[in-house]
Amino acid sequence: MTEHPANETRLAAMAIPLGLFVFLILYGGLTVIAGVLAFKQVQLWPTSLAVESGIFAFLGLVVISSTITQLYGEKLARRLVWWGFVPLAVSAVLIFLVMSLPASPEMLEYRGTDLDAFNTVLGQTPRIMAAGPAAYIVSLLLNVWIFSRLRGSGETNTLGLMARGAIASALSQAIDSVIFVTLAFYGEFDITPLLIGQVIAKVTLSIVLVPFLITGGVALARWLDKKTL
C-alpha cells in the first residue's frame, strides 16, 4: 500500500531541519529589508568610515548562506541565493503598485510630510534598483563558493570556520561594493572616494563581525535542529 501524495508532502515538510527552516525565513526577510535600510548612511565608530545601513542586513545574508553551506551543503546554499530573487521581485512589484496608486485625500491634507518621506525612500532610480540585485547575486554566490572552497575535504575547527567566514565575506563584500557603486553611480560623479570608503568599511565589518556571527549562526542552527517543527 503506497503513501498518499499529500501525506508524503507532509512527511517531507516535517523532515526539514528546524534550523534550516528558520534561516530560510530570515533570509527572505533580509533580502527585502536591505534595500530599505540602505537609504541611511551610518558612521562606523570610532572611525570616520561611512557605510549604508543595508550592509547590516546584507551581512546577515552572508552569515546565513555561509551557515547553510557549512551544515547543509554548497548546492542548497546556491539555490537559496538564486531563490532569494523571489522576495526581491515580489517586494519590487508591490512597491511599484503602491507608488502608482494615488494617496488618500486625508494623507495629502494631514500627512504630506510622511508621504514625501515614503516617496523619497522607496522611489529609487532604475539604475539603483538594477544595481542592487546584480551586486547581490554575484557577491552572495562568490561568498558561498569561496567559503566552500576554503573548507577543503574535511571539517574545520571553530577558528578555521571563523577564518573562512572572514575571508569569504571580505572578498565578496569588496566585489559587491565595486559592482553596486559602479552600476548605480558611474558617470554621475567621481565614484573613487565613495568606492574606496565602501570597500574599506565593508571589509572591516566582515573581519570584525562575520567570524563571530557565523560561529553563532552554526551553533544556533545545530541547536534548533535538535528541536522539531
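Me: What share of the residues of the chain count as buried?
Reply: A residue is called buried when its relative accessible area is under 20%, exposed when that area is over 50%, and partly exposed in between, using a 1.4 Å probe and protein chains only. In this chain, 35% of the 229 residues count as buried. This is a predicted model, in which local features need pLDDT of at least 70 and side-chain atom pairs count only at pLDDT 80 or more, while totals for chains, interfaces and linings use all residues. Residues are numbered from 1 along each chain as its sequence is written, and side-chain values use heavy atoms, with hydrogens and water left out.

Me: How many helices and strands does the chain have?
Reply: Helices (H or I, at least four residues) and strands (E, at least two) are DSSP runs, numbered from the N terminus. Here there are 11 helices and two strands, and read from the N terminus their order is α-α-β-β-α-α-α-α-α-α-α-α-α. Along the principal axes, the C-alpha atoms fill a box of roughly 65 × 45 × 30 Å.

Me: Among contacts between residues at least 6 apart in sequence, what percentage join residues at least 24 apart?
Reply: A contact means heavy atoms within 4.5 Å, and among the contacts you describe, 77% in this chain join residues at least 24 apart.

Me: How is a pair of aromatic rings described?
Reply: Such a pair is described by the distance of the centres and the angle of the planes. Rings of Phe, Tyr and Trp (its six-membered ring) pair if their centres lie within 6.5 Å, and planes under 30 degrees apart count as stacked, over 60 as edge-to-face and the rest as tilted. A search of the whole structure finds three aromatic pairs. One of them joins F58 and Y136, edge-to-face, with 6.5 Å from centre to centre and 90 degrees between the planes. Because F58 lies in helix α3 (residues 54-72) and Y136 in helix α8 (residues 126-151), this pair ties together parts 78 residues apart in sequence.

Me: Are F58 and Y136 buried or exposed?
Reply: F58 is buried, with a relative accessible area of 11%, and Y136 also counts as buried, at 4% relative accessibility. The ring of Y136 also pairs with that of F85, with centres 5.5 Å apart and planes at 80 degrees, so this pair is edge-to-face. It links helix α5 (residues 85-100), which holds F85, to helix α8, with F85 and Y136 51 residues apart. F85 is partly exposed, at a relative accessible area of 26%.

Me: Which residues do the ring pairs link into a cluster?
Reply: The cluster consists of F58, W82, F85 and Y136, linked by ring pairs.
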